[in-house]
Amino acid sequence: KIHNLESPKFKTKKRSSMETKLCFLILFISFSSILLPALTSPDSSDINWWCNKTPYPEPCKYFMDHGPHHFAPKQKSEFRKMAVQIAMERALNAESHTKGLGPKCRNEQEKAAWADCLKLYESTILQLNQTLDPNTKCTDFDAQTWLSTALTNLETCRAGFVELGVSDFMLPLMSNNVSKLICNTLAINNGSTTEKESYRNGFPSWVSSGDRKLLQSSSPAANLVVAQDGSGNHRTIQAALDAAARRSGTARFVIHVKSGVYRENLEIGNKMKNIMLVGDGLRNTIITGSRSVVGGSTTFNSATVAVTGEGFIGRGITFRNTAGPQNHQAVALRSGSDLSVFYRCAFEGYQDTLYAHSQRQFYKECYIYGTVDFIFGNAAVVLQNCMIYARRPMSGQKNTITAQGRTDPNQNTGISIHNSRVMASPDLQPVLSSFRTYLGRPWKEYSRTVFMQSYIDTLVDRAGWLEWDGNFALTTLYYGEYKNSGPGSTTSGRVKWRGYRVITSATEASQFTVANFIAGRSWLPATSVPFTSGL
């Protein structure tokens with residue numbers, strides 16, 4: 001090494017030519033070792049070199065070496081594909097292992113959490129498959145979204161056992177390396193450029209022009225009509241969804257749900273793509289349920305309506321969970337639908353009202369009511385021109401508007417609340433001085449939430465944000481406020497956490513716009529929902 005040149009041996013004046021050559025050789029080797037990584041490509045047969053660049057090198061090396069393949073990536077894109085393939089194989093293995101554990105469930109709670117895990121593994125495999133499928137023409141932005149979802153699913157599986165208080169027996173039996181392998185794929189992919197998102201006519205660009213017309217027209221042509229009085233094709237929404245599931249193809253399918261209170265728990269699954277539910281306005285068409293964690297459901301399965309089929313659109317409907325604050329987590333709507341839109345809808349509940357679970361989502365001109373963590377999950381979601389109402393919680397409780405669930409710094413997820421209003425609902429207003437309300441708290445380590453150009457009323461505490469548990473996540477979270485207004489928007493008394501910032505740069509704020517955060521310009525135009533693309 002270079003520091004050896006300082007040893008007395010090299011300070012003597014009479015150097016042999018041999019020593020001089022040695023000196024140059026040592027110098028050459030030292031500088032080469034500094035320059036070589038930059039100048040030469042790695043030994044492509046050395047999988048260790050590639051795996052050492054990931055957050056979890058050991059499972060990477062083990063499964064790359066022990067699989068049926070002989071992996072020898074020449075470039076990063078090949079390595080990424082191999083890493084996703086390995087994650088996929090281990091996920092398939094974990095899914096079949098988990099299926100076999102069903103008979104080992106000792107009670108209803110374990111059975112409920114286990115049943116969620118089967119759905120979640122199936123979805124994870126779907127996401128990984130989609131990333132690998134050459135026919136999907138997936139962009140780096142798509143891949144990062146789907147890999148983020150794949151990881152969120154496994155986190156949700158684990159959470160079900162924990163919240164029902166039965167994590168001691170089944171979880172150790174289900175232990176595997178799939179989450180670590182997916183974290184590796186996210187890290188490899190994250191160096192890639194993400195496309196920038198944009199808006200047309202007030203909707204992100206991924207909304208097609210046809211879908212935009214459906215969202216904007218006063219009465220879009222329906223494929224099926226649901227009416228409780230028998231004047232439609234079906235009396236229940238479930239019957240209409242069953243009929244839609246039998247259709248061939250995946251073209252947009254519109255179900256008009258006429259005025260009425262529908263007591264149904266609905267699940268619009270992965271195979272049900274491009275479904276649109278149109279109500280007669282959020283005051284008239286109401287879907288209601290009352291499942292909750294206290295009632296024995298997992299948070300995931302407590303939803304009155306759950307949708308995972310991509311391209312879902314909801315318009316003019318109220319989604320409600322009436323379990324009440326004493327029953328704790330009780331979801332009105334859960335969405336894991338990629339490129340989904342909710343327009344002029346309402347979401348009513350107390351704790352955990354709106355579960356923006358995963359994928360890219362857009363909410364426009366919606367009303368959201370709740371108490372604890374009532375907008376939560378790990379989607380990449382923008383809420384624009386929404387009315388957010390904190391309700392009266394149970395005595396001793398604090399209101400927290402958001403609880404964002406990002407567990408990995410490479411997930412492209414977060415909650416962005418733009419041009420919206422944060423207010424006290426009529427039941428909270430008279431008792432405002434008795435309850436504190438915060439913009440959010442960090443559910444997971446890399447929790448990410450921004451409020452931009454929104455009106456924040458007096459209900460929000462000066463500190464703005466609340467701890468989850470002591471110092472947990474306070475340095476790793478990203479919480480930002482940009483150009484908000486209203487009496488609760490003053491930032492002088494805000495928390496002093498390392499992860500909190502008052503955003504002053506429009507460039508930083510614009511990362512969280514519809515255009516950039518959910519690539520809205522590419523898909524929203526088709527839905528006909530108006531959107532603001534930038535700040």
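Predicted model: local features only at pLDDT ≥ 70, side-chain atom pairs only at ≥ 80, totals over all residues.

Visitor: Good. Which residues line the second largest cavity, then?
Guide: Thr145, Ser148, Thr149, Thr152, Ser358, Gln359, Asn378, Ala380, Asn412 and Thr413. The volume of this second largest cavity is about 30 Å³.

Visitor: Which helix gives the most to that lining?
Guide: That's α6, with four residues.

Visitor: How do the lining residues divide into nonpolar, polar and charged?
Guide: Nine are polar, one is nonpolar and none is charged.

Visitor: And where does the second largest cavity lie?
Guide: Between domain 1 (47–189) and domain 3 (371–534), because both of them give residues to its lining.

Visitor: How many cavities are there in the whole structure?
Guide: The search finds two of 30 Å³ or more.

Visitor: What lines the largest one?
Guide: Cys60, Met64, Phe79, Ala83, Ile86, Leu181 and Asn184. Helices α3, α4 (76–99) and α8 (178–189) each supply at least two residues of that lining, and α4 gives the most, with three.

Visitor: Are Cys51 and Cys60 buried or exposed?
Guide: Both Cys51 and Cys60 are buried.

Visitor: How many disulfides does the count come to?
Guide: Two. The other joins Cys117 to Cys157, at 2.1 Å from S to S. That link is right-handed, with 95° about the S-S bond. Cys117 lies in helix α5 (residues 108–132) and Cys157 in helix α6, so the pair ties together parts that are 40 residues apart in sequence. Cys117 and Cys157 are both buried too.

Visitor: What pattern do the disulfides follow?
Guide: It's 1-2, 3-4, counting the bonded cysteines along the chain.

Visitor: Switching topic: how many salt bridges does the structure hold?
Guide: There are 16. One of them pairs Asp142 with Arg360, where the closest N and O atoms are 2.9 Å apart. This pair links distant parts of the chain, 218 residues apart: Asp142 sits in helix α6 (residues 140–163) and Arg360 in strand β16 (residues 360–364).

Visitor: Why do those two count as buried?
Guide: Asp142 is buried because its relative accessibility is 15%, and Arg360 is buried because its relative accessible area is 3%.

Visitor: What is the N to O distance between Arg441 and Asp373?
Guide: It's 2.8 Å, and their side chains meet in a salt bridge. Arg441 is in the loop between β24 (437–440) and β25 (448–452), while Asp373 is in strand β18 (residues 372–377), so the pair ties together parts that are 68 residues apart in sequence. Arg441 is buried at 18% relative accessibility, and Asp373 is buried at 5%.

Visitor: Last one: where do Lys61 and Glu58 lie?
Guide: Both are in helix α3 (residues 57–66), three residues apart, which is about one turn of the helix. Lys61 and Glu58 form a salt bridge, with their closest N and O atoms 3.7 Å apart.

Visitor: Buried or exposed, each of them?
Guide: Lys61 is buried, with a relative accessible area of 17%, whereas Glu58 is exposed, with a relative accessible area of 53%.

Key
Residues numbered from 1 in each chain as written. Heavy atoms only, no water. Salt bridge = Lys/Arg side-chain N within 4 Å of Asp/Glu carboxyl O. Buried < 20%, exposed > 50% of the residue type's maximum accessible area, 1.4 Å probe, protein only. Disulfide = S-S within 2.5 Å. 1 Å grid on protein atoms, 1.4 Å probe; cavity = no way out; pocket = protein on both sides within 12 Å on 5 of 7 lines; lining within 4 Å. Points joined across faces, edges and corners; volume = space filled by probe spheres on them. Nonpolar A, V, L, I, M, F, W, Y, C, P; charged D, E, K, R; others polar. Domains from an automatic or database assignment.
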